[in-house]
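Headings mark the topics in turn.

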Amino acid sequence: MIDPDNGSSRNLPNKTPCLSYWQRTTRAFPHLRAQCMDPVPADSQYVIIGSGISGGLTAFELLEAGVSAEKIVILEAREAASGASSRNAGHVRPDAFRGFSAYAKLHGPAQALGIISDERRVLEKVDEFVAKYHVPCDFHLTSTFDVCMTPEFAKYEAESFEQFRAAGGDVSHIRFYEGAEARAKTRIPDAIAAYEWPAGSSHPAKLAHFLLESVIDRGVRLFTFCPATEIVQSKELATWDCHTPRGMIRAEKVIHCTNAHAALLLPQLEPYLRPNRAQAHSLIPPPAFAGRNTLEQTFSLRYSLHHFYSLIQRRGDGTLIWGVSRSNPTLSAETLASRYSIDDSHFNAEIKGDALSSFNEIFPDPSQGMGDVHGEGFDHAWTGIIGMTTDSVPFVGAIESLPGQFICAGFNGHGMARIFTCAPGLVKLILGGKWSDTGLPECFQFTPERLARFTEGEFPSIW
């Protein structure tokens, strides 16, 4: 069970969140505080709770399917796209094979293959969407390195690769390097081995804002600083009364796009959904990472399955985004325990110190240290709340016990590798389609039987 002292998913999002790098660079978004004082309408056919990429894309797909914009309302507890969508580390990075063995133990080999195939498809979907709609989100289609920093993890990764290939997984797009070649390719002196495959990076807040602006321009109503605090069945039984601080709105269909906070309105999920606080940092690069030395690829630098760092470099201004894992064994017990929280109001100083020292160790610069010149080095740190599920895959689909309610949440820190198939798939279900119409792995489907398979409170996350 989630320890309420460490932050329960049954609390509203923190009222005073810190700003991420992404949010600091998008303060001019015109709908940031959309209708923040207005009362909600008395009714709406569709109420989407959450204005991140999941909620925004769900609204977008409903419009594309022919639903009238006037029938859609989005409720947001804070400013627009204030949650994990605007707080991540900027990756659009599918898993190519590493999670296969863990997924296979949880869901079987066939589902494990489907999960990884779906993430690869998401990268293609994001690339297509950005190109089709000319989305100004700084999307950069490139490749990524999974860098093995220890012999033990190199062994684990090699075994995962072989299991994936033996099960029929496609490895044609994956390149492998070891020893001197791995060090040369990655520019990391301590690299043991590395795998490379297609991936991308983006400005996630700009992507979320594009989705919101697109649907608002077509007539969808967004109410910011207006959390849904309770949903109860109306007297008519076929509709739901969504209570907010600014009135009640009656809806035919309620769509939960609240990720780590889903258990607030769906308390039955609390044993199966855990908030997990992650941290990232923006760094202004020294000459070793500036000009022609900027990094083309993105990185995941792994010491063990749960001890790793992530890195992208922004194409426009060269800013480095340095993310840290949620289970670094070098951190204090107090810091490790604090990760089970929904408090995104501040960053952890110990994690920041580890992040900066680890960057300098992993990428040593013999000519100049990070931050030796005023204006270089550490720029900003922030936190975001990840929604972890007991079986490491998202909750997508109809909530059978609550007819008319749907969910698209619990992305396990891989939202940008999942949302662009999950949200469109959910819309097909909302509009009367079958699960087979979604194209999603069956293990994503939210069912009572799925929850019953897993022990409450156990979170065997593979990330």
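In which loop does H134 lie? H134 is found in the loop between α4 and β4, where helices (H or I, at least four residues) and strands (E, at least two) are DSSP runs numbered from the N terminus.

## Basis of the report

The model is a predicted one, in which local features need pLDDT of at least 70 and side-chain atom pairs count only at pLDDT 80 or more, while totals for chains, interfaces and linings use all residues. Residues are numbered from 1 along each chain as its sequence is written, and side-chain values use heavy atoms, with hydrogens and water left out.

## Residues with positive phi

H134 is a residue other than glycine, yet its phi is positive, near 50 degrees. With a relative accessible area of 66%, H134 is exposed; the term exposed stands for over 50% relative accessible area, buried for under 20% and partly exposed for values in between (1.4 Å probe, protein chains only).

Q35 is not a glycine either, and has a positive phi of about 45 degrees. Its place is the loop between α1 (21–24) and β1 (43–49). Q35 counts as partly exposed, at 28% relative accessibility.

## Salt bridges

The structure holds 19 salt bridges, each being a side-chain nitrogen of Lys or Arg within 4 Å of a carboxyl oxygen of Asp or Glu. One of them joins D344 to R78, with the closest N and O atoms 3.0 Å apart. This pair links distant parts of the chain, 266 residues apart: D344 belongs to the loop between α8 (333–337) and α9 (349–362), and R78 to the loop between β2 (72–75) and β3 (91–92). D344 and R78 are both buried.

A salt bridge also forms between D146 and R98, whose closest N and O atoms are 2.8 Å apart. Here, too, distant parts of the chain are linked, since D146 is in strand β4 (residues 140–148) and R98 in the loop between β3 and α3 (100–107), 48 residues apart. Both D146 and R98 are buried. These two residues also belong to a network of salt bridges that links R93, R98, D146 and E157.

Within helix α5 (residues 151–166), K155 and E159 are four residues apart and therefore separated by about one helical turn. They form a salt bridge with the closest N and O atoms 2.6 Å apart. K155 is exposed, at a relative accessible area of 51%, whereas E159 is partly exposed, at 36%.

## Aromatic pairs

A pair of aromatic rings is described by the distance of the centres and the angle of the planes. A search of the whole structure finds 24 aromatic pairs. Rings of Phe, Tyr and Trp (its six-membered ring) pair if their centres lie within 6.5 Å; planes under 30 degrees apart count as stacked, over 60 as edge-to-face and the rest as tilted.

F97 and F161 form an edge-to-face pair, 5.2 Å centre to centre, with 85 degrees between the planes. Because F97 lies in the loop between β3 and α3 and F161 in helix α5, the pair ties together parts that are 64 residues apart in sequence. Both F97 and F161 are buried.

F161 also pairs with Y195: the ring centres are 5.8 Å apart and the planes are at 35 degrees, so this pair is tilted. Y195 is in strand β6 (residues 193–201) and F161 in helix α5, so parts 34 residues apart in sequence are tied together. F161 has a relative accessible area of 11%, and Y195 is buried at 4% relative accessibility.

One aromatic cluster is formed by F145, Y177, F289, F299, Y303, Y309, W322, F359 and F363.

## Charges over rings

A charge sits over a ring if NZ of Lys or CZ of Arg is within 6 Å of the ring centre and within 35 degrees of the ring normal. The charged end of R218 sits over the ring of F60, 5.9 Å from its centre. R274 lies over the face of Y340, 4.1 Å from the ring centre.
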